[in-house]
Amino acid sequence: MKLYERGSLKRVLGLLAALLILVLFYMGRPEPLIIPAQTDPQTLYHTAWRVVGETFYDRGKLEDWQSWEHRYDGKLHSQQDAEKAIDEMLKSLDDPFTYFLGARATAAEIDQRRGSFVGIGITLGVKLDTQGQPVTDASGQVFPAVSADGYPLVKGVIEGGPAADAGLKAGDEIVAVFEVQSGKLVPLDTRAMTLATLTGKIRGPAGSSVQLIVRREGKAINLTIVRAAVQIRSLTYKRLEGNLGYIKIEHFGADNMVPQLVEAVRALKDARGLVVDLRNNPGGQVPNAIWGAAVFLERGHVTTMKSRESGRLVESQISLTPDKLVVVGLEGTESELMKARRDVRQQTKLPLVILVNEHSASASEMFAGALQDNGRAVVVGVKTFGKGIGQSLLPMPNGTTLHVTTLRYYTPKMRWVGDASGGLFSNGIIPDVVVPADKAADGDNQLRAAQERLETLISTGR
């Protein structure tokens, strides 16, 4: 889950009500960060050092932070030098969720949040190790999910996009991507490419083309695809047998996620009940989790967040009333009550089951926990990932950004789903009905279990 930007209470609530991600819940009134739009490499590095020192949640990992302040004085002569030094500094925190993004990666991330981008319209997975953690190179860049032969796999093809029109299909292996070198078009082997490198070579200006060699069922296929603006859908929906509605939320990352959820609920308004599938949902934006819960909740506590602001720990409680989203900030004996108009209201009272698995993380856990603790939904599946922490996406000079772990979040019953040891040892959201995936069985046994539980809810009138 990611929050973004720092500002006054009034500004924060205005952005939240508008469903923007530029949000950081400010309960105190610390001095705002002053960050220049453009600067030299040395100042860029020092700004990163200062921002992380003021906002990083776990102070125990900052014991040696002072030693990094002047480590590279006089040694940074280019943007590349500064970025490499910042990466080295951040690695000392031993936090995979705190990292630096260069200008190009930042621009790509902004496109993802806007729900559209210029490219060919495919999705790629992330390569995971045996512990379910992303596989990275020495600089922390993740690798794409690959085939048995090591070639990146196309996870999905966006309907109506250039790749779909060119005949690319999910499951295809990307063997090579062509690049102009010395005036010649040269095929580059993709097997050693990081996810950022591969996507950087596939993307380009609208109207330009990219040439790929893909492999399907052992056969090589040459494709030339013209890049264009592609719209990203955060979710899909359909009807299941017995007039049960099914909504699959892929992620909470795009600005248009909640309007899409409202669209899905309205389209399924005459269903007998709803299954919301969060399996393999990695999370996304805090406002989307909060306003997404508001689609199903009339009132109730949604989450509590404890965040680090200018070195201080502050707490915020976020709740819903029929008319307002209410944020209460607690700082010692001080408290501030703030109310934002509830632009996203409850859309349905249909019985609800939420499906989760070990890869449901972050904002998806906040969403599921809110509905579970308020008694609005029954959760089915296996224990979730248990991230329990959130990152602020902070703008930096020269078009770059920092992702910094600034907070912990709790369910309405004050359960922290994370754990200091992280990953497999974390708490996670515990399902009401535990159903491990049966990979040997035909079909989807977890979805069938969710349907059965939903039928029980319907028959009992809950």
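In this predicted model, N280 counts as partly exposed, at 43% relative accessibility. N280 sits in the loop between β13 (274–277) and α8. Its backbone stands out. N280 has a positive phi of about 65°, although it is not a glycine. N280 is also one of the residues touched by S360.

M414 is found in the loop between β21 (401–410) and β22 (433–434). At 38% relative accessibility, M414 counts as partly exposed.

S360 lies in another loop, the one between β18 (352–356) and α9 (363–373). Its relative accessibility is 1%, so S360 counts as buried, the cut-off being under 20%. The side chain of S360 reaches the backbone nitrogen of N357 at 3.0 Å. Residues up to four places away in sequence are set aside in the following list. S360 then touches L278, R279, N280 and N281, and also E365, T384 and F385.

Another serine, S364, lies in helix α9. S364 is buried as well, because its relative accessible area is 1% and the limit is under 20%. A polar atom of the S364 side chain lies 3.2 Å from the backbone oxygen of N281. With neighbours within four places in sequence left aside, S364 is in contact with F252, L278, N281 and G283. L278 and N281 are also among the residues that S360 touches.

The helix that holds S364 is itself enclosed. In α9, 11 of the 11 residues are buried, so the helix is largely enclosed by the rest of the structure. These residues are A363, S364, E365, M366, F367, A368, G369, A370, L371, Q372 and D373. The list includes charged side chains, E365 and D373. What covers the buried residues of α9? The cover includes helix α8 and the strands β13, β14 (300–309), β18, β19 (378–381) and β21. Just after α9, G375 takes a positive phi of about 70°.

Two packed helices are described by the angle between their axes and the distance between the axes. For α8 and α9, the angle is about 25° and the axes are 9 Å apart. The two helices are therefore roughly parallel to each other, a term that covers angles under 35 degrees. The crossing of α8 past α9 is right-handed. On the α8 side, the contact is made by V286, A289, I290, G292 and A293. On the α9 side, it is made by A363, M366, F367, A370 and L371. By class, this contact has nine nonpolar residues, one polar residue and no charged residues.

Helix α8 (residues 286–294) also packs with helix α7 (residues 257–267). Their axes come within 9 Å and cross at roughly 20°. That angle makes α7 roughly parallel to α8. α7 passes α8 in a right-handed crossing. Which residues meet here? M257, V258 and L261 in α7 meet N288, W291 and G292 in α8. The residues of this contact divide into four nonpolar, two polar and no charged.

L454 is placed in helix α10 (residues 445–460). Is L454 buried or exposed? L454 is buried, with a relative accessible area of 0%. L454 and R272 are 182 residues apart in sequence. In space, their C-alpha atoms are 9.0 Å apart. Neighbours within four places in sequence are again left aside for the contacts of L454. The contacts of L454 are L244, G273, L274, V275, P351, L352 and V353.

The protein as a whole has 10 helices and 22 strands. Buried residues make up 52% of its 462 residues. Contacts between residues at least 6 apart in sequence were also examined. Among these contacts, 66% join residues at least 24 apart.

Key. Residues numbered from 1 in each chain as written. Predicted model: local features only at pLDDT ≥ 70, side-chain atom pairs only at ≥ 80, totals over all residues. Heavy atoms only, no water. Helix = DSSP H or I, 4+ residues; strand = E, 2+ residues; numbered from the N terminus. Buried < 20%, exposed > 50% of the residue type's maximum accessible area, 1.4 Å probe, protein only. Polar contact = N/O pair within 3.5 Å; in protein donor to acceptor, adjacent residues only side chain to side chain. Contact = heavy atoms within 4.5 Å. Axes fitted to C-alpha atoms, helices over the stretch in contact; angles between N-to-C directions. Parallel < 35°, antiparallel > 145°, perpendicular 65-115°, else oblique. Left-handed = near helix turned anticlockwise from the far one by under 90°.
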